[in-house]
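Welcome, and please take a moment with the sequence and the coordinates before reading on. The report below is meant to be read side by side with them.

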Amino acid sequence: MAAPPNFEEGQSTYRPPKFNGQYYGWWKIRMHDFIMAEDSELWDVICDGPFVLLKVVGEGKRTIPKTRKEYNDADQKAIEKNFKAKKILVCGIRPDEYNRILACESAKEI
């Protein structure tokens, strides 16, 4: 896929590619590669949704979501994946697009 004409953004390995409202296919491939290079589990969070941490209650027949106070270190790291993915996606869009995703709580929703 050819680069868009008059592409002014500098290439950076530290910043996600910025979507300019055009050439979505080109931006999508670049964003996928950027996310995979950061952490391949982030792509899973974007595609499959965030980790829902559950606990078993009663006699093992019912599960309910854990509260934040019940998270251990591994749980916290799993939850942070969603926030890291959201941050990368938000940094890759323009401010006028941000209003469209403002209420999204997960990277998958974005």
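What follows covers helix packing, a few individual residues and the pockets.

This is a predicted model, in which local features need pLDDT of at least 70 and side-chain atom pairs count only at pLDDT 80 or more, while totals for chains, interfaces and linings use all residues. Residues are numbered from 1 along each chain as its sequence is written, and side-chain values use heavy atoms, with hydrogens and water left out.

**Helix packing**

Helices here are DSSP runs of H or I with at least four residues, numbered from the N terminus. Axes are lines fitted to C-alpha atoms over the stretch in contact, and angles run from 0 to 180 degrees between N-to-C directions. Angles under 35 degrees count as roughly parallel, over 145 as roughly antiparallel, 65 to 115 as roughly perpendicular and the rest as oblique.

Let us begin with helix 1 and helix 2, whose axes lie 5 Å apart at an angle of about 125°. The two helices are therefore oblique to each other. On the helix 1 side, H32, I35, M36 and E38 take part, meeting S40, L42, W43 and I46 of helix 2; contact means heavy atoms within 4.5 Å. Sorted by class, this contact holds five nonpolar, two polar and one charged residues. For these classes, Ala, Val, Leu, Ile, Met, Phe, Trp, Tyr, Cys and Pro count as nonpolar, Asp, Glu, Lys and Arg as charged, and the others, Gly among them, as polar.

Helix 2 (residues 40–48) also packs with helix 3 (residues 73–91): their axes come within 9 Å and cross at roughly 85°. This pair is therefore roughly perpendicular. Here E41, L42, V45 and I46 of helix 2 meet K81, N82, K84, A85, I88 and L89 of helix 3. The class count for the contact of helix 2 with helix 3 is six nonpolar, one polar and three charged residues.

The table gathers relative accessible areas, where buried means under 20%, exposed over 50% and partly exposed in between (1.4 Å probe, protein chains only).

| Residue | Relative accessible area | State |
|---|---|---|
| I88 | 5% | buried |
| S106 | 7% | buried |
| F34 | 11% | buried |
| Y23 | 38% | partly exposed |
| E41 | 39% | partly exposed |

Which residues does I88 contact, leaving aside its neighbours within four places in sequence? They are P16, M31, F34, I35, E38 and L42. I88 sits in helix 3, and its C-alpha atom is separated by 12 Å from that of T13, 75 residues apart along the chain.

F34 belongs to helix 1. Not counting residues up to four places away in sequence, F34 touches T13, Y14, R15, P16, P17 and I88.

E41 is found in helix 2, and its C-alpha atom is 15 Å from that of Q76, 35 residues apart in sequence.

Y23 deserves a look at its backbone: its phi is positive, about 55°, although Y23 is not a glycine. Most residues other than glycine have a negative phi. Y23 lies in the segment before helix 1 (24–38).

**Pockets**

On a 1 Å grid over the protein atoms alone, a pocket is an open set of points where a 1.4 Å probe fits, with protein on both sides within 12 Å along at least five of seven lines; lining residues have an atom within 4 Å of a point. Grid points are joined across faces, edges and corners, and a volume is the space filled by probe spheres set on the points.

The largest pocket holds about 400 Å³ of space. It is lined by 17 residues, of which Y24, W27, L89, I93 and I110 are the closest to its centre. Helix 1, helix 2 and helix 4 (95–101) each supply at least two lining residues, and helix 1 gives the largest share, six residues. By class, that lining has 12 nonpolar, one polar and four charged residues.

The second largest pocket has a volume of about 180 Å³. Its lining consists of P50, F51, V52, A78, I79, N82, F83, E105 and S106, with six nonpolar, two polar and one charged residues by class. S106, in the segment after helix 4, is in contact with P50, N82 and K86, leaving aside its neighbours within four places in sequence.
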